[in-house]
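Subject: Structure handover

Hello,

Here is the structure I said I would pass on. My notes on what was found in it follow below.

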Amino acid sequence: MAISQTFPRDVLGLSIIGGKRVDSSGRTFQKESPTDLSVLGDVNLATEAQVEAALASAWKAYWQDTVLAPSNRLQRAAMLEAVAAELEKRKEDLRITYGAESGLPTAPGGRFDIEFSRTVNQLLFHALRLKDHTHFIPILDVTPSSDIRKTRRGIGPVLVLGAI
């Protein structure tokens, strides 16, 4: 099955910036299979302005949701759980894409399943930490010779760039 058949047609060729779908620059490059160099599909390129807009949107979301309104933690937890659930629903589609784009084997129980489970479990772990409010609990390491006080705190957004 071709990669383009495993993803909804309405998201192919688009960037999502600040929750809105935007058209690409019109420029593309061909993604080739690492195993046989066959063309997997055309990848649309975002413009420099679109990349800058994505970065600005990520910083804005970080400041609004994490710094200015940390009470949104339950909404963030629900979002992480929704992403994990969507990944689980699309696991086999992602397995096909993983194999085609990486050239690595996709047999059950192999590397794909290990990486997939780790990703889903990290999302669920962080959702749980947000729900039970343990993400900001201070950690005190006090010994006779030291007094180290620390807390878990986000330091900024993560920008994820991908291509289908």
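This is a predicted model: local features need pLDDT of at least 70, side-chain atom pairs count only at pLDDT 80 or more; totals for chains, interfaces and linings use all residues.

**Salt bridges and helix packing**

R149 is exposed, with a relative accessible area of 58%. Its side chain meets that of D147 in a salt bridge, at 3.1 Å from N to O.

**Overall make-up**

The protein chain has 164 residues, and 20% of them are buried. Its secondary structure comes to four helices and six strands. Read from the N terminus, the order of the elements is β-β-β-β-α-α-α-α-β-β. Among contacts in the protein chain with a separation of 6 or more, 48% are between residues 24 or more positions apart.

**The other salt bridges**

The pair of R149 and D147 is one of the salt bridges, and the structure holds eight of them.

A second pair is K150 with D141, whose side chains meet at 3.3 Å from N to O. K150 is partly exposed, with a relative accessible area of 43%. D141 is also partly exposed, and its relative accessibility is 33%.

Another pair is found within a helix. E86 and K89 both belong to helix 2, which covers residues 73-89, and they sit three residues apart, about one turn of the helix. Their side chains form a salt bridge with an N to O distance of 3.2 Å.

**Helix 3 against helix 4**

Helix 3 spans residues 91-102 and helix 4 spans residues 111-131; they pack at an angle of about 125°, and their axes are 11 Å apart. The two helices are therefore oblique to each other. The crossing of helix 3 past helix 4 is right-handed.

**Helix 2 against helix 4**

Helix 4 also packs with helix 2. The axes of helix 2 and helix 4 come within 8 Å and cross at roughly 160°. That angle makes helix 2 roughly antiparallel to helix 4, since the cut-off for this term is over 145 degrees. Helix 2 passes helix 4 in a left-handed crossing.

Which residues make the contact of helix 2 with helix 4? From helix 2 they are R73, L74, R76, A77, L80, E81, V83, A84, L87 and E88, and from helix 4 they are F116, T119, V120, L123, L124, H126, A127, L130 and K131. They divide into twelve nonpolar, two polar and five charged residues.

S24 is in the loop between strand 2 (20-23) and strand 3 (28-32). S24 counts as partly exposed, at 23% relative accessibility. From S24 to T47 there are 23 residues in sequence, and the distance in space is 7.1 Å, C-alpha to C-alpha.

R152 lies in the segment after strand 6 (146-150). R152 is partly exposed too, with a relative accessible area of 41%. R152 is 14 residues from P138 in sequence, and the two are 7.4 Å apart in space, C-alpha to C-alpha.

Regards

Definitions and conventions:
Residues are numbered from 1 along each chain as its sequence is written. Side-chain values use heavy atoms; hydrogens and water are left out. A salt bridge is a side-chain nitrogen of Lys or Arg within 4 Å of a carboxyl oxygen of Asp or Glu. Buried means under 20% relative accessible area, exposed over 50%, partly exposed in between (1.4 Å probe, protein chains only). Axes are lines fitted to C-alpha atoms, for helices over the stretch in contact, and angles run from 0 to 180 degrees between N-to-C directions. Angles under 35 degrees count as roughly parallel, over 145 as roughly antiparallel, 65 to 115 as roughly perpendicular and the rest as oblique. A crossing is left-handed if the near helix is turned anticlockwise from the far one by less than a right angle, and right-handed if clockwise. Contact means heavy atoms within 4.5 Å. Ala, Val, Leu, Ile, Met, Phe, Trp, Tyr, Cys and Pro count as nonpolar, Asp, Glu, Lys and Arg as charged, and the others, Gly among them, as polar.
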